[in-house]
Amino acid sequence: MKPLTEIEPAVETENPVVGIDQTAGNFSYKVDYAFDAGTGLSEDTVRYISSVKKEAPWILEFRLKALKTFFDKPMPTHWATKDLEAIDFQKIRYYLSQGQQPKRTWDEVPDDIKKTFERLGIPEQERKFLAGVEAQFDSEAAYSNIKEIVAKQGVIFCNSTEGLREHPEIFKKFFGKVIPTGDNKFSALNSAVFSGGSFIYVPPGVKVAQPLQAYFRINAENFGQFERTLIIADEGSEVVYMEGCTAPKFSTSTLHSAVVELVALKGAKIQYITVQNWANNVFNLVTKRGVAHEDAEIKWIDCNIGSRLTMKYPGVVLKGKRARGEVLSIALANDGQHQDTGAKMIHAADDTTSNIIAKSISVGQGRSTYRGVVHIPKHLKGCKNNTECDALLINTNSRTDTYPAISVRGDKNATQHEASVSKVSEDMIFYMQSRGLTEAQAMSLAVNGFINDLARQFPMEYSVELKRLIDLEMEGSVG
Amino acid sequence: MSTFAQSLPTSAADNLTGSFTREAFAQSLARCAHLPAWWLDRKRAAYERFASLPMPTRTNEGWRFSNLSTLTLDGFKIGTFVPTEISVSPFSAITAATLTFVNNTFATRTAPAAEIAAKHGIIFDTLQNALIHHADLIKAHLLAQPTKLGSDKFTALHEAFLEDGAFIYVPKGVEATQPISVFHYATGPGVAVFPHTLVIAEENAKVTVADFFRSKEASSTHFACGGNDLYAGHGSQLTYLAMQDWSDQTLSFQFNATVARRDAKVLSLNIHAGACQARHESFSQLQAPGAHSEMLALTVAHGAQEFDQRTLQIHQAPNTSSNLLYKNALMDQSKTIFSGLIVVDPDAQKTDAYQSNRNLMLSDEAEANSLPGLEIQANDVRCTHGTTSARIDREQEFYLEARGIKPAQAQELLVFGFFEEVLGKIENEQLHDQLTSIIRDKFKA
């Protein structure tokens with residue numbers, strides 16, 4: 001592998017307001033990629049990716065079929081934003097890799113990648129703390145270290161390429177079952193060109209004490225990431241998975257289209273936490289869905305702050321009796337951003353319950369959208385859904401939309417949906433200002449208060465990170 | 001194989017007009033030959049739009065959840081006048097004046113137009129007469145608003161075949177104390193009707209109009225494609241009630257366009273009871289400060305009926321308010337769709353908008369779909385929406401039963417309590433009682 005040749009200077013000067021370096025994610029290294037599928041998408045791209053990854057023939061076949069589905073499906077612009085048309089699929093790189101094997105210890109991680117993490121502001125202490133980290137640098141995991149205890153419990157935690165190679169018997173059984181290739185245009189795209197992502201299997205009865213974490217990074221212009229994550233929690237097990245994202249800023253569009261599948265078998269619990277902070281030129285079109293079997297519980301905690309356009313509607317298929325699904329969603333849309341997020345709850349068994357709480361904040365000309373589906377089919381009983389959507393508009397030209405769809409059949413189920421749109425009350429701001437806070441501080445505090453009850457459900461470090469990100473986003477939004 | 005072959009349309013081009021062929025249109029136009037040329041031109045243009053637009057498709061968001069396979073333009077004929085006995089409605093007694101239309105044609109009226117005009121200056125006449133005598137008002141208000149809710153093809157069809165309807169004009173400062181009612185009947189098998197009611201309330205005027213849609217024979221299949229335009233001038237108060245009670249074999253479309261000017265108050269209440277498949281589109285524009293629109297609907301769905309209600313309330317000016325309450329009671333295998341959207345334009349600060357859809361599930365086979373939407377582009381607003389779908393509250397039922405009320409009676413009381421929230425908004429007491437009793441009969445049957 002060639003050494004690092006040059007560091008691109010940060011475009012903006014450092015601005016340490018509220019203790020945060022705004023330019024922290026605003027850099028990129030010129031890296032020579034050992035494997036590069038070039039720009040554009042064709043059958044050859046897919047064959048290339050598959051051969052580089054030395055995949056079994058059934059996977060290549062799966063990919064090629066998915067590619068055809070992707071080309072056949074129209075852009076969903078009859079309901080989604082026209083901004084999708086700005087994506088030029090032929091200008092995107094679909095696979096990059098430095099060819100390195102996943103590393104087990106920190107010392108083995110190449111220096112340049114370490115530097116990238118340093119610039120991201122992950123403190124030394126935290127890096128050590130993040131023992132179970134699966135840090136993804138571009139397509140392949142650059143660093144992966146399964147915590148000893150986790151491995152001892154029989155938990156498999158690796159990247160999906162490794163999972164496919166080493167645990168095909170588990171992988172194949174669940175792969176593509178929760179989200180079929182043809183689910184939507186972007187899940188088809190992911191199925192054709194996926195690389196990276198995590199594979200987790202938790203054996204029956206095992207409760208993983210430590211949350212499993214993965215950091216993602218995009219580090220090449222016009223390069224899209226297509227992770228494929230599959231998490232299987234066997235009967236009675238529990239696992240928490242976290243992902244956080246940050247990407248350098250680039251002038252041309254980047255595409256990120258992940259597929260995340262969760263399977264919670266009888267009595268299992270999965271919690272999936274995301275803090276998404278891609279750069280403002282990234283299209284983040286993600287399909288996330290889980291299947292909850294009898295007495296199982298799946299909880300999505302989803303926080304979207306970055307990207308140009310995010311379209312992400314985490315879903316739960318409540319397949320077994322008494323299964324529970326929950327989506328907690330926070331979205332913050334600033335100038336030039338559109339956070340199109342929401343949730344899907346598909347009830348498919350008696351006595352299943354689901355809860356959706358979505359809060360969005362629109363700053364400047366930002367636009368946030370809630371889109372949801374709640375589906376309770378015929379002849380089920382005792383199903384309940386609760387949906388709450390609250391939107392906060394900061395500036396006079398901010399925008400928010402709400403588009404829920406609720407279908408209920410029969411008289412033995414109950415659903416309720418409520419949504420409200422408001423601004424930060426002037427009284428509240430006045431009260432805080434009269435106690436010596438600046439308007440910006442007061443606004444920041446009010447916004448943090450608005451999401452506080454949701455943010456509290458995040459693990460400590462994510463909650464702190466979120467608060468900082470909101471402070472940062474709120475800068476300059478008033479006055 | 002045979003069923004598959006049958007379900008295929010004969011050819012895409014043939015299917016675009018169905019029974020509403022060019023010949024049928026030419027005949028309809030001939031019946032309107034005495035009307036102004038500009039109106040006939042508009043009708044011709046509308047027919048061309050109708051004939052070229054495709055039928056709604058699955059990918060059209062405006063038709064999400066709707067059953068498209070039962071939408072048909074085939075097997076109908078344009079209704080023309082037949083002398084028929086119309087039973088005197090109980091409403092005649094409580095309304096100031098009535099107009100009756102049978103199969104698109106004016107039939108009878110209770111008070112002569114001249115008499116009403118002499119008293120208050122109110123014009124209550126047929127659209128045909130208004131087209132000749134009040135062309136300016138018609139040009140400004142008849143079908144003047146855009147179609148925004150997905151039924152472009154059917155609104156074009158309505159305009160093309162609209163032969164006659166009611167025209168109500170209340171001049172500046174005049175308050176019509178008694179309600180005015182309009183009856184639209186369809187009679188004969190396979191008859192297609194295109195009823196229309198246009199209400200214009202000038203500055204500070206006040207008026208209540210009630211529209212009734214009925215099939216003469218309960219067993220006939222009808223095609224009804226009607227509309228109403230409500231224009232509320234500055235400071236006016238306009239109340240519009242509509243009772244849709246077509247036969248259970250009818251395919252029904254209704255389009256409403258409401259415009260509320262400064263400080264105007266509009267209340268529209270639609271009661272849906274008839275038809276096998278009924279689509280109702282309601283489009284409210286709050287164009288000037290202080291305007292208020294109250295959008296109410298009550299649906300009693302039974303059998304395999306499908307009620308498809310789409311609403312749009314646009315707040316175009318600051319300090320406007322709207323309140324939407326759509327209640328559905330679902331029995332048997334019935335299906336309802338409510339799709340509502342509140343739009344707040346960028347400068348419409350201080351908007352207060354509310355949207356609520358309540359579905360009362362009275363059967364295990366019924367299906368309720370709700371799509372309550374918001375599009376907000378101003379920050380100093382209060383916009384909320386809520387939707388619930390559930391059966392009767394068991395605790396309330398228990399409470400009544402604990403006081404010795406029989407279960408069946410308790411259920412009825414609670415259902416009517418559910419309806420009363422909407423019906424209670426009708427200020428005219430007699431009208432309220434009459435409508436309540438009609439719904440009571442519908443519900444019991």
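Which residue of β3(B) is the bridge partner of Leu99(B)? The partner is Arg109(B). This is a predicted model, in which local features need pLDDT of at least 70, side-chain atom pairs count only at pLDDT 80 or more, and totals for chains, interfaces and linings use all residues. Residues are numbered from 1 along each chain as its sequence is written, and chains are lettered from A and ligands numbered from 1 in the order in which they are written.

**Strand β2 of chain B**

Helices (H or I, at least four residues) and strands (E, at least two) are DSSP runs, numbered from the N terminus. A residue is buried if 20 or more other C-beta atoms lie within 10 Å of its own, exposed if 12 or fewer, and partly exposed in between; C-beta atoms are placed from the backbone. Strand β2 of chain B covers residues 97-102, and six of the six are buried, so the strand is largely enclosed by the rest of the structure. Both faces are covered. Ala97(B), Leu99(B) and Phe101(B) are buried on one side. Thr98(B), Thr100(B) and Val102(B) are buried on the other.

The strand has pairings with β6(B) and β3(B). Two strands pair if DSSP finds at least two bridges between them. Leu99(B) figures in both pairings: Val182(B) stands opposite in β6(B), and Arg109(B) is the partner in β3(B). The hairpin of β2(B) and β3(B) has two residues between the strands. There, Asn103(B) takes a positive phi near 45 degrees.

| Strand pair | Sense | Bridges |
|---|---|---|
| β2(B) and β6(B) (residues 180-186) | parallel | six bridges |
| β2(B) and β3(B) (residues 105-109) | antiparallel | four bridges |
| β23(A) (residues 414-423) and β21(B) | antiparallel | seven bridges |

**Helix α3 of chain B**

Helix α3(B) runs over residues 37-52 and has 16 residues. From first C-alpha to last, α3(B) reaches 23 Å, close to the 22 Å expected at 1.5 Å a residue. That expected span is 1.5 Å times one less than the number of residues. The buried residues of α3(B) are Trp39(B), Lys43(B), Ala46(B), Tyr47(B) and Phe50(B). They cover an arc of only 105 degrees around the axis, which puts them on the same side of α3(B). The arc is that of the directions from the helix axis to the C-beta atoms. An α-helix has 3.6 residues a turn, so residues three or four places apart point the same way. On the other side of α3(B), Ala37(B), Trp38(B), Asp41(B), Arg44(B) and Ser52(B) are exposed. Cover for the buried residues includes α2 (22-31), α5 (127-133) and α7 (152-161) of chain B.

**Where the chains meet**

Two residues are in contact if their C-beta atoms, placed from the backbone, lie within 7 Å. The contact between the chains takes 36 residues from chain B and 32 residues from chain A. On the chain B side, β19 (352-361), β20 (367-376) and β21 (382-390) each supply at least two residues. β20(B) gives the most, with 10 residues. By class, this side of chain B has 14 nonpolar, 14 polar and eight charged residues. Ala, Val, Leu, Ile, Met, Phe, Trp, Tyr, Cys and Pro count as nonpolar, Asp, Glu, Lys and Arg as charged, and the others, Gly among them, as polar.

**Chain A**

Chain A comes to 11 helices and 23 strands. Buried residues make up 53% of its 479 residues. Among contacts between residues at least 6 apart in sequence, 82% join residues at least 24 apart. Chain A is divided into domain 1 (28-425) and domain 2 (426-479); the bounds come from an automatic or database domain assignment. The contact between these domains takes 23 residues from domain 1 and 22 residues from domain 2. The domain 1 side divides into 16 nonpolar, five polar and two charged residues.

Glu261(A) lies in strand β11 (residues 259-264) of chain A. Is Glu261(A) buried or exposed? Glu261(A) is buried, with 22 other C-beta atoms within 10 Å. Beyond its neighbours within four places in sequence, Glu261(A) is in contact with Phe174(A), Val178(A), Ile179(A), Leu230(A) and Arg289(A).

**Positive phi in loops of chain B**

Leu143(B) is not a glycine, yet has a positive phi of about 50 degrees. Leu143(B) is in the loop between α6 (135-141) and α7 of chain B, and counts as buried with 20 C-beta neighbours inside 10 Å. Asn204(B) has a positive phi near 55 degrees. Its loop lies between β8 (196-201) and β9 (206-215) of chain B. Asn204(B) is partly exposed, with 18 other C-beta atoms within 10 Å.
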